[in-house]
Amino acid sequence: MKIFTAIGENTTNVWSMLVRLPAQSRLVNAQVLASLRAKVEFAETTTYDYPMEEIAGFIKQQTHKAAYALTLQKGTAPDLFDSKFGGLPYWKPDMQYPVDRTGRKMMLLAQINFDRATVDERLPQQGMLQFFIALDEVDGTYGYDDAAPDSQEMFRVIYHETVDYAVTQEEILKMEVPVSSDPALEDLTPVWKPFRVDIAPRAFYINTADRRFDKLFRDAVRTLTGKKLGKQLAYDILTREDFEYLDHELSYYGHNMLGAPYFVQYDLRKNPKYYDTVLLQIHSELGAQDDEICWGDGGVANFFINSEALAQRDFSKVLYCWDCG
């Protein structure tokens, strides 16, 4: 399928255009064309006979990765020490609490208690990992700084090697830390209710949002059919139905650790070779009656770390980003 081209000519201050679009069946709303002052030509529909199930299987085989899915337990309120999203953080009162670049206390986004989780050696075998974000009233970015996404000035990742289970909720409340369930902070947090989180192993694969996907797709087609596609993109070749089939088979729309990166728009990492591991991914999760977790208009957040730094339990350099539609 061909990507459209446009040729413009200015005649007496009125632009006339020749536009070539993909096959008409791929248009989301053909009525838009009626409003264009343009001559429209449709490219010929490209026919193919690719074994989609085998292509999906090829990509799964090549990219299979053991990781962990995080599931919200909506029927039970989390306690101070649970793995959770939002809520009151565990903290040792004699430790300095994290603050942003302005000196304002940060809010707990998530905490993972490895004392209560069964994970492999890639992740800590004990202690607690916490993710904090700034209360950004000016930009409303939930602590994301696109100019320095790994500076940890507007977010913070903290690892406690041990957990002091003698700490009480009353001690934390006396510290007057911001909590995501505070109605006054609703516009400053993507997590509006505290949720206990269960962690379970799950297989992950490179999905259609991954920058490596198109090469894998071309490799699969060449291996299975012998056809070489050059540098063509899967989306430009496949029908919408076939592309969505691959997206459904390969993608996991859910919170996870060590899984495949997922982005709503594009990969926000400038150095993906270094930030090669998903430390934590939190998706938007909308409830039946009201929003529960929502990044912008329904996006996803990622915390990336280098695999060697993770092995050394060094969380000083983490990249945080989120995007939405």
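This is a predicted model: local features need pLDDT of at least 70, side-chain atom pairs count only at pLDDT 80 or more; totals for chains, interfaces and linings use all residues.
1. Asp-219 is buried at a relative accessible area of 15%, while Arg-222 is partly exposed at 38% relative accessibility.

2. Asp-82 and Arg-116 form a salt bridge through their side chains (2.7 Å, N to O). Asp-82 sits in the loop between β4 (65–73) and β5 (84–85), and Arg-116 in the loop between β6 (107–113) and β7 (128–133), which puts the two 34 residues apart. With a relative accessibility of 11%, Asp-82 counts as buried; Arg-116, at 45%, counts as partly exposed.

3. Please also look at Arg-211 and Asp-267, whose closest N and O atoms are 3.1 Å apart in a salt bridge. Arg-211 belongs to the loop between β9 (195–204) and α3 (213–225), and Asp-267 to the loop between β10 (256–257) and β11 (277–283), so this pair ties together parts 56 residues apart in sequence. Arg-211 is partly exposed, with 48% relative accessible area. Asp-267 has a relative accessible area of 11%, under the 20% cut-off, and is therefore buried.

4. Finally, the wider picture. The structure holds 15 salt bridges.

Note on methods
Residues are numbered from 1 along each chain as its sequence is written. Side-chain values use heavy atoms; hydrogens and water are left out. A salt bridge is a side-chain nitrogen of Lys or Arg within 4 Å of a carboxyl oxygen of Asp or Glu. Helices (H or I, at least four residues) and strands (E, at least two) are DSSP runs, numbered from the N terminus. Buried means under 20% relative accessible area, exposed over 50%, partly exposed in between (1.4 Å probe, protein chains only).
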